Amino acid sequence: MATILGSPLPNIPWQNKPADARGVVWRYDANPIIPRDLLPDSNSIFNSAVVSYQGAFAGVFRCDDTRREMQLHAGRSQDGIHWNISPRRIQFIADDTEIARWQYGYDPRVCWIEDRYYVTWCNGYHGPTIGAAYTHDFESFYQLENALLPFNRNGVLFPRKIGGRYAMLSRPSDNGHTPFGDIYYSESPDMTFWGRHRYVMGTKGGWQSTKIGAGPVPIETDEGWLLIYHGVLTSCNGFVYSMGAALLDLDQPWKVIYRTAPYILSPQTLYECVGDVPNVAFPCAALADSATGRIAIYYGCADTVTGLAFAQVEELIDFIKSNSAV
C-alpha cells in the first residue's frame, strides 16, 4: 500500500469522493474556491501556491489586476478554502537592484525546505525565467538570484535536498506562448548556482502532445516522488491544459518509473472551460496528509479562478502504475 512520507496534516481540506465520481481525482463541489474578483482590482486569481503554515494555511497567489498586469500577492486561510489575500503586491527585498527590478510575476510555487518557505515563480527578466525568494512569515520576502536563464517556466523545487543539493524541475521555453516544452531537472549547492541538468520527460500523444510542465511540489512517497503535472493538447480551437501524474525515482528524480497515459483531470466544468483562457486545468499546489493518504490539489481554472480537487494517494498511485505510458 502506497504511503506518503512526511508529517501528518490533520486539518487538510477534504471532501469525500462522491459515489458517482468516475476518476481518481474529484472536484470540490463548491468550486471555484477563489473567485476572479476577490480583490477590489483583480481581474483574475489563479495558478497559485498553498502550503500548511502555523496550524493553518498560507500561500502566494497569481493576481492579474484590472490593468491586466501579472502580480504576486500573499494570502492566508484558516481552512485552506476561504482565503484572505493581501490587496498589495508582494514587495520583494533584494540586495541587487538588477534583480529587484519588477517586470511581472506569475504561476508561483511555494516549498518548505529545512527552515524556510521558498517561492519560485515565472519572473520577468528580459523574458520569462525562474525567480526565487524565501520567507519565514509570508510578510517579508527576500529575493534571490534568478535560478536559470530566460526562457524558462514552471520552476518547482523538491521539498528536501537530494544528494546534499537543492533540486528543481523546470520547463525551458521561448518568449511567447510556447508551443513546445519538456521537463528538466537541475541541482544547486546554494540556491544560487544551478547545474547538473538532466532530462526528465517530454511530450506524448493526445492530451500531452504539445508540451508538459511540472505542477505542485513533488510529494514524497514510499514508491517514489509523486509528480502531478500539466499536459497540453493543441486543438482546432487552441490549447487544452489537463493534469497527469508520474512517479520519479527518489534518489535520481530524472528517472521516470511510471507515468499516466490518460489524464487524471481535464477541463470539463463551466469554470474550467469558460474564462480568459478557455479549457485550462492547471495544477500549482498540493497538500498531503501522511496519516490518511489524502491529497488536496489547487489548480487554476480557465486562467480566471482557483479550484480545488482531491485524491487518495494509494488509489492515485495504483492508477499511475496500471495506466503507465513509460
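Biologist: Is Trp83 buried or exposed?

Modeller: In this predicted model, Trp83 has a relative accessible area of 9% and is therefore buried, since the cut-off for buried is under 20%.

Biologist: Which ring pairs with Trp83?

Modeller: That is the ring of Phe61. The two ring centres are 5.0 Å apart and the planes stand at 65°, so the pair is edge-to-face. Phe61 belongs to strand S3 (residues 56-65), whereas Trp83 sits in the loop between strand S4 (70-77) and strand S5 (84-85). The pair thus links distant parts of the chain, 22 residues apart.

Biologist: And Phe61, buried or exposed?

Modeller: Phe61 counts as buried, because its relative accessibility is 0%.

Biologist: How many aromatic pairs are there in the whole structure?

Modeller: A search finds 23 aromatic pairs. One of them joins Tyr53 and Phe138, whose ring centres are 5.2 Å apart with planes at 75°, so this pair is edge-to-face.

Biologist: Where do Tyr53 and Phe138 lie?

Modeller: Tyr53 is in strand S2 (residues 42-53), and Phe138 is in the loop between strand S8 (128-135) and strand S9 (141-143). The pair therefore ties together parts that are 85 residues apart in sequence. Tyr53 counts as buried at 7% relative accessibility, and Phe138 is buried with a relative accessible area of 4%.

Biologist: Which cluster do ring pairs form?

Modeller: Ring pairs link Tyr53, Phe92, Trp102, Trp112, Tyr117, Trp121, Phe138 and Phe141 into a cluster.

Biologist: What lies over the face of Tyr134?

Modeller: Arg116 does, at 4.4 Å from the ring centre.

Biologist: Changing topic: which residues of helix H3 are buried?

Modeller: In helix H3 (residues 313-322), the buried residues are Val313, Leu316, Ile317 and Ile320. Viewed down the axis of H3, they fall within an arc of 95°, so they line one face of the helix.

Biologist: What do the buried residues of H3 pack against?

Modeller: They pack against several strands, including S16 (224-235), S17 (238-248) and S21 (305-312).

Biologist: How much space lies in the largest pocket?

Modeller: The largest pocket holds about 730 Å³ of space. Its lining has 27 residues, and Ser7, Ser52, Trp112, Pro159 and Ala288 lie nearest its centre.

Biologist: Which elements give two or more residues to that lining?

Modeller: Those are S2, strand S6 (105-113), S15 and strand S19 (281-289). The largest share, five residues, comes from S19.

Conventions:
Residues are numbered from 1 along each chain as its sequence is written. This is a predicted model: local features need pLDDT of at least 70, side-chain atom pairs count only at pLDDT 80 or more; totals for chains, interfaces and linings use all residues. Side-chain values use heavy atoms; hydrogens and water are left out. Buried means under 20% relative accessible area, exposed over 50%, partly exposed in between (1.4 Å probe, protein chains only). Helices (H or I, at least four residues) and strands (E, at least two) are DSSP runs, numbered from the N terminus. The arc is that of the directions from the helix axis to the C-beta atoms. Contact means heavy atoms within 4.5 Å. Rings of Phe, Tyr and Trp (its six-membered ring) pair if their centres lie within 6.5 Å; planes under 30 degrees apart count as stacked, over 60 as edge-to-face and the rest as tilted. A charge sits over a ring if NZ of Lys or CZ of Arg is within 6 Å of the ring centre and within 35 degrees of the ring normal. On a 1 Å grid over the protein atoms alone, a cavity is a set of points where a 1.4 Å probe fits but cannot get out, and a pocket is an open set with protein on both sides within 12 Å along at least five of seven lines; lining residues have an atom within 4 Å of a point. Grid points are joined across faces, edges and corners, and a volume is the space filled by probe spheres set on the points.
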